[in-house]
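Let's take a friendly walk through one protein model. Have a look at the sequence and the fold, then read on.

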Amino acid sequence: MTGLSDSFQRPINYLRISVTDRCNLRCVYCMPSSGIHQMSHQDILTYEEIYTIARVAAELGISKVRITGGEPLVRLGLPELVRMLAQIDTIDDISLTTNGILLGGYAAELKQAGLRRVNVSLDTLKPDRFKNITRGSGNLYHVLEGIATAELVGLNPVKLNMVVMAGINDDELLDFGSKTLSDGWHVRFIELMPVADQEAAASRFVPVSDMRKRLEQLGELEPCLPDVGNGPAKYFRFPNARGTVGFITPVSEHFCFLCNRLRLTADGKLRPCLLSNDEIDLKQPLRNGISLSGLKQLIEETVARKPRRHQLAEGYVPKDRPFSQVGG
Ligand code: SAM
């Protein structure tokens with residue numbers, strides 16, 4: 001194995017795989033109000049195609065894979081993909097990002113298939129508010145049940161991602177913070193990115209510096225190391241808490257210098273950066289019978305095209321695809 005690194009000497013060892021553009025929720029901060037144009041089934045990579053790309057990427061040095069979407073659990077047979085990816089020797093970490101609605105029914109099978117850990121999006125603990133944030137499409141109790149089942153079957157850690165929005169859920173910061181003390185939750189507070197509705201995002205934006213000040217009403221936040229991974233979150237702990245508090249600052253303080261990722265969209269485009277429109281098609285070359293060394297070259301080319309950093313702070317928001325199609 002040679003190991004991949006980009007033109008800024010960042011090691012690239014992490015592939016995020018979006019397995020579907022479909023989602024069973026319609027979250028206001030993620031989906032545009034106009035809805036999205038759905039990909040057709042023939043456009044979506046098959047599990048075999050995803051496996052081939054992951055295997056070649058692993059030969060180049062990818063050792064961590066995260067499955068995302070859309071909502072990955074709405075794609076039928078997801079545990080089978082996990083099983084296939086788990087057979088790739090050099091991939092040592094398979095994780096999932098999900099809204100948790102279907103997690104309760106799948107957690108045990110996913111764990112058995114080789115899934116190690118899971119991140120669940122959870123923006124509120126109030127059922128009515130959950131309905132509003134998801135435009136009426138979701139039931140909070142299904143998510144809470146999914147989280148409990150994931151913990152029970154040994155997916156570890158279960159991390160909860162809360163996108164904090166002024167006037168929508170920022171009054172729950174302390175409730176989420178308290179859960180790191182009472183229930184050992186690992187909560188990551190994420191700054192709202194202007195990917196669905198730029199104007200609304202500007203007025204709803206809460207910087208991590210504010211979140212942190214408010215959370216410190218519960219006690220001093222002591223820096224700590226993450227249990228696994230070396231992602232973009234900075235981690236802290238309240239004194240004697242079992243759980244952790246993470247902060248993710250895509251807007252107020254980019255962390256692109258740490259970026260170790262490539263992103264594969266459900267329709268087979270490999271993206272060097274979440275927040276740029278650039279992408280290289282792998283699907284058509286695969287379906288045209290490209291050799292494995294040809295596929296390797298396309299992956300290396302994508303790595304070489306990784307930009308130094310995204311331009312959100314300068315007001316640049318990629319518009320070619322809705323966020324839910326790239327797999328945040
Ligand atoms: N459906 C899955 C889920 O809900 O976790 C996976 C896809 S979702 C696009 C991945 C992550 O992107 C979620 O944690 C979500 O909260 C985050 N996200 C979506 N829109 C965002 C925004 N405008 N700002 C910050 N994070 C966002």
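## A buried arginine and its partner

R271 is buried, with 1% relative accessibility (buried means under 20% relative accessible area, exposed over 50%, partly exposed in between, using a 1.4 Å probe and protein chains only). Its salt-bridge partner is E279, with the closest N and O atoms 2.8 Å apart; a salt bridge here is a side-chain nitrogen of Lys or Arg within 4 Å of a carboxyl oxygen of Asp or Glu. E279 is partly exposed at 23%.

This is a predicted model, where local features need pLDDT of at least 70 and side-chain atom pairs pLDDT 80 or more, while totals for chains, interfaces and linings use all residues. Residues are numbered from 1 along each chain as its sequence is written, and side-chain values use heavy atoms, leaving out hydrogens and water.

R116 sits in the loop between α3 and β6, and D93 in strand β5, 23 residues apart. R116 is partly exposed at 35%, whereas D93 is buried at 2%.

## The sheet

How many strands form the open sheet? There are 12, with mixed pairing (two strands pair if DSSP finds at least two bridges between them; strands are DSSP runs of E, at least two residues, and helices runs of H or I, at least four, numbered from the N terminus). β9 and β14 stand at the edges with a single partner strand each, so one side of each has no neighbour in the sheet. β9 runs antiparallel to β10, joined by 3 bridges.
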